[in-house]
Amino acid sequence: MRDTSLIYAPKKAKTATSDSDKTESPAAGSVCTRCGTSLSHDEIALTKKLVNRGTTRYYCLSCLAAAFEVSEQDLQNKIRFFKRIGCTLFHPDSYE
Ligand SMILES: [Zn+2]
């Protein structure tokens, strides 16, 4: 009985597409000041709304939720609310 144990290592060709040339949004590439998570447009806008419009420190939803002692769900509801009332920080056109 011959055991031809093949060590089969499948090559995972992960093409790391780095989205570099994104200079349109000044907030592109921003990360959470507290935990380093990369931020979505919503999170940046919400930070501005909750903290200070001129802030340059942004936080992710979970860090914002922790800081303001609310749930992430509450924050998502806020985002939806601000969008509905047409807050320019949450302008739908700035989505990709
Ligand atoms: Zn965070």
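**Helices and their packing**

Mentor: The protein chain of this predicted model contains 3 helices and 0 strands.

Trainee: In what order do the elements of the protein chain run from the N terminus on?
Mentor: The chain has 3 helices and 0 strands. Read from the N terminus on, the order of its elements is therefore α-α-α.

Trainee: Are α1 and α2 roughly parallel or roughly antiparallel?
Mentor: The axes of helix α1 (residues 41–50) and helix α2 (residues 61–68) come within 10 Å and cross at roughly 20°. Angles under 35 degrees count as roughly parallel. The crossing angle therefore makes α1, relative to α2, roughly parallel.

Trainee: Which residues in α2 meet α1?
Mentor: On the α1 side, the contact involves E43, L46, T47 and L50. By class, the contact of α1 with α2 has 5 nonpolar, 1 polar and 1 charged residues. The residues in α2 are L61, L64 and F68.

Trainee: How are α1 and α3 oriented to each other, roughly parallel or roughly perpendicular?
Mentor: These two helices pack with their axes 11 Å apart, at an angle of about 85°. Angles of 65 to 115 degrees count as roughly perpendicular. The orientation of α1 and α3 is therefore roughly perpendicular.

Trainee: How many charged residues has the contact of α1 with α3?
Mentor: D42, L46 and K49 of α1 make this contact with L75, K78, I79 and F82 of α3. By class, the nonpolar residues number 4 and there are no polar ones. The number of charged residues is 3.

Trainee: Which residues have the most contacts inside the largest nonpolar core?
Mentor: This core has 14 residues. Helices α1, α2 and α3 (72–84) each supply at least two of its residues. Y59 touches, among others, C32 and L64, not counting residues up to four places away in sequence. Those with the most contacts inside the core are C32, Y59, C60 and L64.

Trainee: Is E69 buried or exposed?
Mentor: E69 lies in the loop between α2 and α3, and its phi is near 55°, a positive value in a residue other than glycine. There are 7 other C-beta atoms within 10 Å of E69. A residue with 12 or fewer counts as exposed. E69 is therefore exposed.

Trainee: What percentage of the residues in the protein chain is buried?
Mentor: A residue counts as buried if 20 or more other C-beta atoms lie within 10 Å of its own. Of the 96 residues in the protein chain, the buried ones make up 17%.

Key
Residues numbered from 1 in each chain as written. Predicted model: local features only at pLDDT ≥ 70, side-chain atom pairs only at ≥ 80, totals over all residues. Axes fitted to C-alpha atoms, helices over the stretch in contact; angles between N-to-C directions. Helix = DSSP H or I, 4+ residues; strand = E, 2+ residues; numbered from the N terminus. Parallel < 35°, antiparallel > 145°, perpendicular 65-115°, else oblique. Contact = placed C-beta atoms within 7 Å. Nonpolar A, V, L, I, M, F, W, Y, C, P; charged D, E, K, R; others polar. Core = buried A, V, L, I, M, F, W, Y, C linked by C-beta atoms within 7 Å.
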